[in-house]
Every structure is written in C-alpha cells, then in structure tokens.
Amino acid sequence: MTRRLLIVEDDPGLQSQMRWCFSEDLEVSLASDRESALTCLRRDEPEVVTLDLGLPPDAGGATEGFRLLEDILQLAPMTKVIVVTGREDKENAVKAIGMGASDFYQKPLDADILTFVVNRAFRLAELERNNRELAREYNGTSIKGIVAASPQMLSVCRTLEKVAPTDVTTLIIGETGTGKELLARALHDRSHRADKPFAAINCAAIPENLLESELFGFEKGSFTGATQSKKGKIESANGGTLFLDEIGDMPMALQAKLLRFLQERVIDRVGSVKSISVDVRVVCATHRDVQELIKEGTFREDLYYRVSEITLDVPALRDREGDALVISQSLLQSLGKQMDRPNLAFTEDAIKAIKNYPWPGNVREMINKVKRATIMADGKRVTAADLQLSCDEGGHDSQLNLRQVRENAERAAILQALQSCGFNMAQASRLLGVTRPTLYNLTDKYRIRTSSESPSA
C-alpha cells in the first residue's frame with residue numbers, strides 16, 4: 001500500500017526542505033494554508049499529516065492551525081497528525097495533543113528526527129488499520145448465542161460489552177424473536193454478578209392477580225392457598241440480575257410498586273409490613289413501542305425513564321445487512337451436528353431465498369425453518385423448498401451491483417456538495433476533493449444541473 005504524507009507548511013523554503021527529507025517510496029503532498037490542506041486531505045487521503053500551527057492569516061499565532069487540526073480530526077479521525085511547533089511553544093504542543101494530535105515535532109528542522117517521528121506515525125496508522133481489518137474479518141461477536149456480521153448488530157454488541165460491567169438499569173427493545181433474552185443473559189454473564197442468580201419473569205405470561213406475588217413474594221396466610229411464605233423473583237435474584245421480559249405489558253397498578261423498588265431497592269412481600277432490602281441489577285425488555293404506550297396512558301413515563309438508563313435497540317433480522325445468511329449457515333451447522341447430519345450446505349436457490357425473505361418472525365422463525373430443512377433435506381444439499389421458501393429472482397440481489405451502488409453514491413455526494421456550496425463549482429470541487437474539470441465531467445455523466453434555479457435531472 002502506498003504511504004501518503006501531507007505537509008502543511010506556509011514557508012516555501014521549509015516546505016521544500018521537509019519534502020526532501022523523505023524517500024521516494026513515500027507519496028508527499030504539500031499545502032500552505034487551511035483551505036488547500038483540506039482539499040489535499042479529501043483528494044489524497046493521507047495517513048499522516050505534519051501540521052505547522054502558524055498558518056495564514058494568523059502566521060504569527062496558532063488559531064488557524066488549531067482550526068485545521070479540528071477539521072482534520074473531524075473529516076478523517078484515523079489520520080495521524082504531527083504538530084510542528086517552535087522550540088519555545090510547548091503549551092500549544094500540549095494543547096494539540098489534548099485535542100487529538102498523535103505527536104509533535106519542534107523546530108528547527110532535523111531530517112533524521114523528523115523522519116523518525118513520521119515513520120513512527122505511519123507504523124501506528126498501520127497497526128490500527130490491521131486491527132480494524134482483523135475485526136472486520138472476524139465479522140462476529142464473542143457474546144454467547146449471538147451470531148452477527150452486520151454493522152447494526154455489531155454496534156449493539158459493542159454497546160453491550162461496555163454496559164455489562166456496570167450496574168445501570170438497561171432496557172432492551174426489539175421485535176419478537178430478535179434475541180432480547182440472550183442479550184439480557186449476556187449482560188449478566190459479563191458483569192461482576194455472573195456467579196450470582198439470573199432470575200427471569202415474563203410480565204405478559206402471568207395473570208395480573210398473580211404477577212405481584214410472583215415478583216415480590218408473599219407471606220404465609222396472606223391469601224387463600226398461601227400455606228407458606230415464598231420469595232418472589234426479585235428477592236431470589238438478590239446479588240444477581242433480574243430480567244423483566246415484556247415490561248410493556250405490566251399492569252399500571254403494579255408499575256407504581258415496581259417504581260418504588262427501583263428507586264429504593266426495597267420490596268414488601270404480599271401480606272407483610274416489613275421491608276426487605278435487595279441488591280439486584282435490573283434488565284427489562286419489550287417488543288412494544290413504549291413511547292406510544294406512554295401517550296396512551298398505559299405505561300408510566302417516570303418508570304420508563306427509570307428502566308431506560310441505557311437502551312439497546314435490537315434491529316429486526318430484515319434490517320441487519322447480511323446477517324440472515326450468516327445466521328442460517330451457523331444454524332445449519334449446529335443443528336446438523338445435533339441431528340447427526342453434518343456437512344449440510346445450502347444450494348444457490350436456498351441462499352437467494354434466505355437473502356430475499358423478510359423474516360417477519362426474525363431469528364426464532366429462522367430456527368424453525370432451518371430445523372425443518374435439516375430433517376427434510378435429501379442428501380447433503382438444503383434447497384429453498386426444504387426451507388419452505390420461494391426463490392425470488394428479483395429482490396435484493398440487484399442492490400449488490402457494485403457499479404450501480406458506486407454511481408448512486410457519487411451522484412448523491414455531488415448533489416449534496418453543490419447544494420451546500422450554492423452551486424459554486426469551484427467550492428464544490430474543493431469540498432469533493434476533485435478538480436473542476438473532473439466535477440464538470442461527473443455532472444455531465446449524471447445529468448446534474450449545475451444551477452440552483454433548476455432541479456437536478
């Protein structure tokens with residue numbers, strides 16, 4: 001890979017000296033002010049930038065240099081910026097490092113030291129790039145039971161990994177069958193409470209008149225049939241994690257008592273006058289739109305804010321790019337081993353059907369279909385018919401045309417640049433990091449009007 005360096009220096013003599021410090025295998029760009037530096041940044045995408053803070057119109061100060069540093073870190077946060085300062089200008093060097101610069105170099109120019117500092121920045125950029133590539137190649141997560149390759153689901157998993165070691169109350173929202181309970185168990189397993197109880201209760205599956213006693217417990221004789229005292233789910237989870245599934249279906253009368261428990265961390269068993277202190281982490285889940293429930297008056301707003309200190313929004317399977325095929329292949333492998341049918345594989349029509357099917361039942365529906373296909377398949381190949389899916393020749397495969405995707409992205413970027421610059425072609429070309437002739441060729445190619453008076457073709 002070609003290594004690219006951008007030198008931002010307003011002194012032509014010093015700029016030339018710095019340029020000749022580096023070997024020919026390094027692609028070097030030069031800029032003398034903030035605007036030209038940003039153009040080079042967009043056009044050449046350098047891995048390393050050396051930045052002199054004293055740029056015009058404030059050549060004697062550092063305000064313009066700091067503005068450019070902020071712009072670079074915003075436009076290309078992975079770029080390594082080496083700030084060049086005067087020997088007596090340590091305060092600005094420290095401030096630049098605090099803003100996000102990776103290193104600093106003090107004048108006067110010493111070719112050996114400058115080369116060493118720049119090569120060190122390139123090495124750091126290479127290590128970070130390799131780390132990102134390894135993460136992409138892994139295309140998954142270490143969370144037990146979760147198979148994911150899509151950016152949407154991996155983002156949820158990364159958030160979970162950060163939240164798990166804390167004790168914050170977490171709300172998991174998502175459609176039925178998306179794996180909310182698996183995520184709740186992962187929060188427990190990755191916390192300091194992992195060796196303590198994990199108690200789960202489905203608020204929608206228990207009749208309203210029994211839910212309170214199931215949650216809070218009851219004393220002997222508190223109602224007919226209470227022949228002995230019993231701990232509730234909250235008390236039995238003491239020291240561990242309490243998972244309240246389908247909290248959106250909890251009765252309003254019980255919501256007030258749950259709110260008191262969340263605020264005070266004490267419970268009152270049914271029929272008891274003595275409060276019991278409990279230490280639990282609470283994780284809730286629901287497939288319903290809680291904001292709509294609040295508007296309808298069936299869910300307390302203060303309870304919502306109490307249970308959603310952190311919210312994990314689990315995307316539906318149809319919204320997880322590429323996950324349907326990854327999950328189905330993982331399921332086929334694991335179910336095949338369980339049923340003594342190893343080495344099963346999907347046919348081309350099955351792969352196309354899996355990609356195009358919307359999966360309204362999410363992963364739960366997929367498990368059922370793959371399990372059936374594992375049983376019904378003849379030989380080692382699983383067809384779309386075995387999955388009870390139809391193979392649609394259209395569907396989403398047309399979206400995989402790389403040329404069309406690239407052209408759509410280019411056209412959208414050009415339109416956005418033109419509109420943000422008031423259809424000034426010179427400004428738009430600098431914003432896009434291309435020359436004006438190139439921009440004119442692209443607007444002709446995509447039939448984009450270059451006047452604000454007329455809409456784009």
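**Strands and confidence**

Modeller: L5 stands opposite V28 in β2. This is a predicted model, where local features need pLDDT of at least 70 and side-chain atom pairs count only at pLDDT 80 or more, while totals for chains, interfaces and linings use all residues. Residues are numbered from 1 along each chain as its sequence is written, and side-chain values use heavy atoms, leaving out hydrogens and water.

Colleague: How do β1 and β2 pair?

Modeller: β1 (residues 3-8) pairs with β2 in the parallel sense, over six bridges. Two strands pair if DSSP finds at least two bridges between them. Strands are DSSP runs (E, at least two residues), and helices are too (H or I, at least four), numbered from the N terminus.

Colleague: What is the strand order in that open sheet?

Modeller: β2-β1-β3-β4-β5, with parallel pairing. The edge strands are β2 (26-31) and β5 (103-106).

Colleague: What is the mean pLDDT?

Modeller: The mean is 87, and 93% of the residues reach 70 or more. pLDDT is the predictor's confidence in each residue, from 0 to 100.

Colleague: Where does pLDDT stay under 50?

Modeller: Residues 393-399 are one such stretch, with nine contacts beyond four places in sequence. Contact means heavy atoms within 4.5 Å.
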